[in-house]
Amino acid sequence: MTAHQETLTNPFNMDEDCRNCPALADCRERVVHGYGDAGAEFVFVGEGPSAGAEATGVPFTGDPAGERVQRILGELGFSRSPADSPEPDLQNVYLTYLSRCRHPDRDATDEEVRTCEPFLNAELRMINPEIIVPVGTRALRELAIEYTTRAPESFDAADEHATTVRGRGFELVPMLLPEEQTDEQETAFVEHLTENVFPRDYRQTKGRRSR
Ligand code: SF4
């Protein structure tokens, strides 16, 4: 977390009363904006808040799937908190979503994802990470449109899990939805980052300032 950052929750002070998607705004309990280190090199992007994340207000927390992600963050050295913490102490990682409001009965529509996109784009612009981790096929395909030269429908998180996809400006390291991962796939993801991403200079593509 940078010296100027006061809170891990919604550090860019995004609109917590946004009603740009009326059908979601009418039934959500709250908007779940991004959480984490505003100067992070790694950004995890999920599809949208689960019921657990909506309850805590923190992406990828509040349920067993979130705990898997938090356990992975701990194994990678990004978190100093137990996996079931509702407000994990994160460093060098930022967690966010394609769309930030949860409908209890359905996924966000494509239009709702498009409507929410400016929030994600603004976060990525301000953070300027090196590595983006799309969590699940939908997040992977949405990010592929913007940041890779491959056709989005050619991507499937099951095939790309724990690999590196070189993109335009960012590298993508896709992850299967945590609720669909086996323990072996969790281990494979951690090993890919620790053995293939951390040891090399993934910062070189942007001439990033030294940290
Ligand atoms: S999903 Fe995004 S754009 Fe739509 S109401 Fe929620 S915060 Fe606003």
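1. The crossing of α3 and α7 is right-handed, that is, the near helix is turned clockwise from the far one by less than a right angle. Helix α3 (residues 64-75) packs against helix α7 (residues 183-197) at an angle of about 35°, and their axes lie 10 Å apart; axes are lines fitted to C-alpha atoms over the stretch in contact, and angles run from 0 to 180 degrees between N-to-C directions. Helices (H or I, at least four residues) and strands (E, at least two) are DSSP runs, numbered from the N terminus.

2. This is a predicted model, in which local features need pLDDT of at least 70 and side-chain atom pairs count only at pLDDT 80 or more, while totals for chains, interfaces and linings use all residues. Residues are numbered from 1 along each chain as its sequence is written.

3. In the strand pairings (at least two DSSP bridges between two strands), β2 (residues 42-46) runs parallel to β4 (residues 131-134) and is joined to β4 by four bridges, with V43 partnered by I132 of β4. Strand β4 also runs parallel to β6 (residues 171-172), through two bridges, and I131 stands opposite E171 of β6.

4. Around the ligand there are 14 residues, of which C18, N20, C21, C101 and C116 come nearest; a residue is near if its C-beta atom, placed from the backbone, lies within 6 Å. Two or more residues of this shell come from each of α1 (22-25) and α4 (110-127), and α4 provides the largest share, four residues.
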